[in-house]
Amino acid sequence: SAIFNFQSLLTVILLLICTCAYIRSLAPSLLDKNKTGLLGIFWKCARIGERKSPYVAVCCLVMAFSILFMQ
């Protein structure tokens with residue numbers, strides 16, 4: 001049902017980016033061996049989380065605020 005609700009979709013994408021970046025910080029070999037293909041999505045999410053971390057953090061804060069206080 002997250003596909004049909006835009007806010008839920010954004011929440012899932014942000015959680016995926018943050019989770020992949022965290023997993024890559026703990027065990028880089030898990031994501032680095034799959035840079036292409038279907039599992040390459042997780043490597044790309046980890047790279048987004050690492051390189052754009054201030055923007056991702058601001059998006060997480062805005063999303064948390066909107067979930068807690070706007071609904």
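Q: Let's start with Arg24: which helix is it found in?
A: Arg24 is found in helix 1. A helix here is a DSSP run of H or I with at least four residues, a strand is a run of E with at least two, and both are numbered from the N terminus. By the way, this is a predicted model, so local features need pLDDT of at least 70 and side-chain atom pairs count only at pLDDT 80 or more, while totals for chains, interfaces and linings use all residues. Residues are numbered from 1 along each chain as its sequence is written, and side-chain values use heavy atoms, with hydrogens and water left out.

Q: Is Arg24 buried or exposed?
A: Buried means under 20% relative accessible area, exposed means over 50%, and partly exposed is in between, using a 1.4 Å probe and protein chains only. Arg24 has a relative accessible area of 17%, so it is buried. Across the chain, 21% of the 71 residues count as buried.

Q: Which residues does Arg24 touch?
A: A contact means heavy atoms within 4.5 Å. Leaving aside residues up to four places away in sequence, Arg24 touches Leu31, Asp32, Trp43, Ala46, Arg47 and Glu50.

Q: And which side chain has a polar contact with that of Arg24?
A: A polar contact is a pair of N or O atoms within 3.5 Å; within protein, one must be able to donate a hydrogen and the other to accept it, and residues adjacent in sequence count only if both atoms are side-chain atoms. Here the side chains of Arg24 and Glu50 are joined by one of 2.7 Å.

Q: Which residues of helix 3 are buried?
A: They are Gly40, Trp43, Cys45, Ala46 and Gly49. Their cover includes helix 1 (6-26), helix 2 (28-32) and helix 4 (53-70).

Q: How many disulfides are there?
A: A disulfide is a pair of cysteine sulfur atoms within 2.5 Å. The search of the whole structure finds zero. For Cys45, the closest cysteine sulfur is in Cys20, and at 4.9 Å that is too far for a bond. Cys59 is in no disulfide either, with the nearest cysteine sulfur, that of Cys60, 7.1 Å away. Cys45 counts as buried because its relative accessibility is 10%, whereas Cys59, at 40%, counts as partly exposed.

Q: How do I read an aromatic pair?
A: You describe a pair of aromatic rings by the distance of the centres and the angle of the planes. Rings of Phe, Tyr and Trp (its six-membered ring) pair if their centres lie within 6.5 Å; planes under 30 degrees apart count as stacked, over 60 as edge-to-face and the rest as tilted. This structure holds one such pair. Phe65 and Phe69 form it, and it is tilted, with 5.1 Å centre to centre and 50 degrees between the planes.

Q: Where do Phe65 and Phe69 lie?
A: An α-helix has 3.6 residues a turn, so residues three or four places apart point the same way. Both Phe65 and Phe69 lie in helix 4, four residues apart, about one turn of the helix. Phe65 counts as partly exposed at 45% relative accessibility, and Phe69 as exposed at 59%.
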